[in-house]
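Biologist: Could you walk me through this model slowly, as if I were new to structures?
Modeller: Gladly, let us have it on the screen and begin with one pair of residues.

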Amino acid sequence: MPISKRRTARRAALAAVFAASLGLSAVPARAIVGGTEAPAGGAVMVLSSKGGVCTGVVLAPDTVLTAGHCLADAREHRVHFRDAAGAPVLVDVAAQALHPGFDAGAAAARRRSIDLALLRTATPLPARFAPVTLSAAPARAGEILTLSGYGAAKPGDPRSTGTYRSLGLPVIEPYGPSRILVWLKGAGGGACQGDSGGPIAGPDGAVLALSAWIGGACGGLTQGVLVGPQRGWIDRVLGGWGRSARWSE
């Protein structure tokens, strides 16, 4: 299909914005305060035209689950990864769905919000981004879960984003036994800007929740949205797209 000069220029401008949001430079990139570098597996980055950076997990070759607020800051988004040579790749988004229970003002007003969203990419992602397995298992207080993401290693430093890192953290009380949320906190660190939408996985590697919020400074209290209670919505949206998620039984 022929592409107009105007459209080509617009895409080039958007690509420049997305590249700037990554802070692409010679500065070493890290993520997750206190974490260690880990294989990305089924995780990609979700970038907005306003410079927002989030993490997302792959559910199907062209489908990504991320945090709802990652889509609320701008009208246009791209899925980002690096190719085998290390060059940045931006993939267009063909469709998106915010959870109907998402409330953009929930944190400030202390209201309930289901901070999840689904993206369908215009073209399939490389096969190396294998779909993750989701889990409806409950999170138990004291249980060690693995928090991962592409976010900043230093608060307020976008140049420290871009490398996938992981950290084991315990589920804490009195927040642990929630019907829709899980909270993690430990001395080792925690999530930071850019980790929203990143997986929180159990010992078997299945994803129980996605990071959605941090309390106070980066590396402190990390809140995640449990995916099990939202299985009906996830499966319904994916079914409408002719896709399906993998769930552990």
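Modeller: Look at Thr 66, whose bridge partner in β7 is Ala 117. Strands here are DSSP runs of E with at least two residues, helices are runs of H or I with at least four residues, and both are numbered from the N terminus. Please keep in mind that this is a predicted model, in which local features need pLDDT of at least 70 and side-chain atom pairs count only at pLDDT 80 or more, whereas totals for chains, interfaces and linings use all residues. Residues are numbered from 1 along each chain as its sequence is written, and side-chain values use heavy atoms, with hydrogens and water left out.

Biologist: Which strands does β7 pair with, and in what sense?
Modeller: β7 pairs with β4 in the antiparallel sense over four bridges, and β6 and β7 also pair in the antiparallel sense, over five bridges. Two strands count as paired if DSSP finds at least two bridges between them.

Biologist: What do the strands build together, then?
Modeller: Six strands form a closed barrel with antiparallel pairing, in the order β2-β3-β4-β7-β6-β5. Ignoring direction, neighbouring strands of this sheet are turned by 40 degrees against each other on average, where the axes are lines fitted to C-alpha atoms, for helices over the stretch in contact, and angles run from 0 to 180 degrees between N-to-C directions.

Biologist: And β2 with β3, how many bridges there?
Modeller: Strand β2, residues 43–48, and strand β3, residues 53–60, are joined in the antiparallel sense over five bridges, and Leu 47 has Val 53 in β3 as its bridge partner.

Biologist: Back to β7, how many of its residues are buried?
Modeller: Four of its five residues are buried, so β7 is largely enclosed by the rest of the structure. Buried means under 20% relative accessible area, exposed means over 50%, and partly exposed is in between, using a 1.4 Å probe and protein chains only. In the protein chain, buried residues make up 51% of the 249 residues.

Biologist: Which helix lies across β7?
Modeller: Helix α4, residues 231–240, lies across β3, β4, β6 and β7, and runs at about 20 degrees to β7.

Biologist: Changing topic, how many aromatic pairs are there?
Modeller: The count comes to two aromatic pairs, given that rings of Phe, Tyr and Trp (its six-membered ring) pair if their centres lie within 6.5 Å, with planes under 30 degrees apart called stacked, over 60 edge-to-face and the rest tilted. The rings of Tyr 150 and Tyr 164 have centres 5.0 Å apart and planes at 50 degrees, so this pair is tilted. Both tyrosines are in the loop between β9 and β10, 14 residues apart.

Biologist: Are those two tyrosines buried or exposed?
Modeller: Tyr 150 counts as buried at 8% relative accessibility, and Tyr 164 counts as buried at 8% too.

Biologist: What does Gly 194 touch?
Modeller: Not counting residues up to four places away in sequence, Gly 194 touches Val 53, Cys 54, Thr 55, Tyr 150 and Gly 151, where a contact means heavy atoms within 4.5 Å. Gly 194 is found in the loop between β11 and β12, and is buried, with a relative accessible area of 7%.

Biologist: How far is Gly 194 from Pro 158?
Modeller: They are 36 residues apart in sequence and 8.5 Å apart in space, C-alpha to C-alpha.
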